[in-house]
Amino acid sequence: MAVSEDTLKQWEETLSKASFFGGANPSSLDNENFKALNGTQPCSSLQNVWGWFLFVSFFTEDIRSAWPAAAAEEAKGDAEEDEFDAMFGETEEDAEAKASAKEKTEKAKEKAKEKVVIEKSIVLLEVKPWEAGQDLDSLAKKIFTIEQDGLTWKEQYKLEPIGYGIFKLVVGMVIEDLKVSVDDLNEKICEDYKDEVQSVDILSFNKI
């Protein structure tokens, strides 16, 4: 089923406020919306939706299917469970089991907080050539050969018209914030391919 332009605009507004449809972490809702696109890459003018699409496409279908329900869905499930308990009563064993599960959940949360969080970002770059007619497909492949710890290129890219027959190259990547300097990377692209690249600018920079 094709996703309408109005729906994509709604998604863009939602993702301008959060990294994923369920909040700060991917959920089953992200998987459902990704499936709805049926592999069709959103227009890069919808920067948040396009960045989200690039990131989600990194994961296999098995991993996406394992993503938990969104927070709102979980809250709804808790409310339904409370309603069920009110209708049919709760035994002492049920109460003890709930208390034990809650205690384990709280301990798991505390343990998770102690772990080091690796901050990542989705970055889109626009690469402008010197003149019309340059082979930007070849340039994209060259850029993707740049390797650095904490840098993962998304090997999907777009060619967008600038004017007078000139196109710009738009590429995406996921970086670990503490390991990769986008400014240094931009300088490297300009230096390594100075005969083909006029400038490199950040199109969007979103925390994951």
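Phe55 counts as buried because its relative accessibility is 10%. Buried means under 20% relative accessible area, exposed over 50%, and partly exposed in between, with a 1.4 Å probe and protein chains only. This is a predicted model: local features need pLDDT of at least 70, side-chain atom pairs count only at pLDDT 80 or more, and totals for chains, interfaces and linings use all residues. Residues are numbered from 1 along each chain as its sequence is written, and side-chain values use heavy atoms, with hydrogens and water left out.

Stay with the rings. The structure holds 10 aromatic pairs. Phe55 and Phe59 form one of them, edge-to-face, at 5.2 Å centre to centre with 75° between the planes. Rings of Phe, Tyr and Trp (its six-membered ring) pair if their centres lie within 6.5 Å; planes under 30 degrees apart count as stacked, over 60 as edge-to-face and the rest as tilted. Phe59 has 25% relative accessibility, so Phe59 counts as partly exposed. Phe59 also pairs with Trp67, again edge-to-face, at 5.3 Å and 75°. Trp67 is buried because its relative accessibility is 11%. Elsewhere, ring pairs link Trp11, Phe21, Phe34, Trp52 and Phe53 into a cluster.

Now the strands. Helices (H or I, at least four residues) and strands (E, at least two) are DSSP runs, numbered from the N terminus. Strand β3 spans residues 166-176, and nine of its 11 residues are buried. β3 pairs with two strands. Two strands pair if DSSP finds at least two bridges between them. Strand β1 (residues 120-129) runs antiparallel to β3, joined by eight bridges. In that pairing, Leu124 has Gly172 as its bridge partner in β3. β2 and β3 are also antiparallel, over 10 bridges. Here Leu151 stands opposite Ile175 in β3. β2 and β3 form a hairpin with two residues between them, and Tyr164 in the turn has a positive phi of about 55°.

Where does Lys154 lie? Lys154 is in strand β2, residues 151-163. Its relative accessibility is 12%, so Lys154 counts as buried. Contact means heavy atoms within 4.5 Å. Not counting residues up to four places away in sequence, Lys154 touches Leu54, Ser57, Phe58, Phe144, Gly172 and Met173. Gly172 in β3 is also the bridge partner of Leu124.

Last, the cysteines. The structure holds zero disulfides. A disulfide is a pair of cysteine sulfur atoms within 2.5 Å. Cys43 counts as partly exposed because its relative accessibility is 39%. Cys190 is partly exposed too, at 24%.
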